[in-house]
Amino acid sequence: MDAWGLGLFQSFLDLDLIFEFDHELGLYELARKAEEHDGAESNSRIYSIKANLCYPKEAVDSAKKLLENGRLAELVARYEAKMQTGDDSDVMPPGYKLSIIGACAMTLGCHLEPSFINLLKRIYPKNLQMPDSNMQMTKALFGPNGYTNGVSYDFGGKSFKETMNSGGPPKDVQAQFGLPPWFGPARKMRSPTYTEPQYPDDVCGGCGKDENAGMGPLMKCACCKNRVYCSKECQKYHWKWHKVICRPA
């Protein structure tokens, strides 16, 4: 598949939604409770609705368990109600959000209710209008090697890093699908709601302060050992971006 940001999970829009869903589902709260219980040892734990953002392996199981304990059904019901009432107050329509929720839950291997699977089959063609994402969901829902309920599913396609380093969609594709100007080349994709602070790796990822600012030694991310922070507050603030690329050293 082409790295144009047209596949599932290849744009900042999709990543913004994943962060939003993680918050709504209580996955950030799950990480906070783990930190309170285990202290510094839990700093490297990552819980997300999307499997490859979870770390370590048991975090996938914990996230899946939380979702299957009613949280996923509640989230689906919330956006299905918005879709039925025509609520378009969000940046992205409820049908698109439901499609991304379903795709993420498949990566975790969640057991999806038949009613939700049928809903996805009805709504994704109109909501996942980018060619690659539409094809990915078609394979998952209808393909011979598609999603098996309760088994983790890999949608394939380019990684987020590959997408960010690509040149973006050709102008004719932008025109055909009505992509907004900020979509542009993949390396320049930015969310309409926030932009990641850009600081070198040797200063605080949250505010840009270095050790000469009188803050004392900077703390390293317990997982990747690469990104540094001056405080817990800056680490938590920067986490919504860092979690996308954070991998164990």
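Is K97 buried or exposed? K97 counts as buried, with a relative accessibility of 3%, where buried means under 20% relative accessible area, exposed means over 50% and partly exposed lies in between (1.4 Å probe, protein chains only).

## Basis of the model

This is a predicted model in which local features need pLDDT of at least 70 and side-chain atom pairs count only at pLDDT 80 or more, while totals for chains, interfaces and linings use all residues. Residues are numbered from 1 along each chain as its sequence is written, and side-chain values use heavy atoms, with hydrogens and water left out.

## Overall architecture

The secondary structure of the protein consists of nine helices and two strands. Helices (H or I, at least four residues) and strands (E, at least two) are DSSP runs, numbered from the N terminus. Read from the N terminus, the order of the elements is α-α-α-α-α-α-α-α-β-β-α.

Of the 249 residues in the protein, 47% are buried. The protein exposes about 12,800 Å², of which carbon and sulfur atoms supply 51%; accessible areas come from the Shrake-Rupley method with a 1.4 Å probe, and for residues only the protein chains shown count as cover. Contact means heavy atoms within 4.5 Å. Among contacts between residues at least 6 apart in sequence, 61% join residues at least 24 apart.

Two packed helices are described by the angle between their axes and the distance between the axes. Axes are lines fitted to C-alpha atoms, for helices over the stretch in contact, and angles run from 0 to 180 degrees between N-to-C directions. Angles under 35 degrees count as roughly parallel, over 145 as roughly antiparallel, 65 to 115 as roughly perpendicular and the rest as oblique.

Helix α3 (residues 57–85) and helix α4 (residues 94–108) have axes that come within 10 Å and cross at roughly 165 degrees. The two helices are therefore roughly antiparallel. The α3 residues V60, A63, K64, L67, L72, L75, V76, Y79, E80, K82 and M83 meet P94, G95, K97, L98, I101, A105 and L108 of α4. This contact of α3 with α4 comprises 13 nonpolar residues, one polar and four charged. In this classification, Ala, Val, Leu, Ile, Met, Phe, Trp, Tyr, Cys and Pro count as nonpolar, Asp, Glu, Lys and Arg as charged, and the others, Gly among them, as polar. A81, also a residue of α3, is partly exposed at 37% relative accessibility.

## Helix α1 and residue K97

The axes of helix α1 (residues 12–25) and α4 come within 11 Å and cross at roughly 75 degrees, so these helices are roughly perpendicular to each other. D14, L17, I18, E20 and F21 of α1 make the contact with Y96, K97, I100, I101 and C104 of α4. By class, seven of the residues in the contact of α1 with α4 are nonpolar, none is polar and three are charged.

K97 is located in helix α4. Not counting residues up to four places away in sequence, K97 touches L17, E20, F21, Y79, D90 and M92.

## Helix α5 and residue Y124

Helix α5 (residues 114–127) packs with α4 at an angle of about 125 degrees, their axes being 9 Å apart. The two helices are therefore oblique to each other. On the α4 side the contact is made by G95, Y96, L98, S99, I101, G102 and M106, and on the α5 side by F116, L119, L120, I123, Y124 and N127. The contact of α4 with α5 contains nine nonpolar residues, four polar and no charged ones.

Y124, in helix α5, is buried, with a relative accessible area of 5%. Leaving aside neighbours within four places in sequence, Y124 is in contact with S99, N134, M137, T138, L141 and F142. Y124 and G102 are 22 residues apart in sequence and 9.8 Å apart in space, C-alpha to C-alpha.

## Backbone features in loops

Most residues other than glycine have a negative phi, and most peptide bonds are trans. A cis peptide bond joins Y55 and P56, with omega at about -5 degrees; P56 is placed in the loop between α2 (27–38) and α3.

K225, which is not a glycine, has a positive phi of about 65 degrees. K225 belongs to the loop between β1 (219–220) and β2 (228–229) and counts as partly exposed, at 46% relative accessibility.
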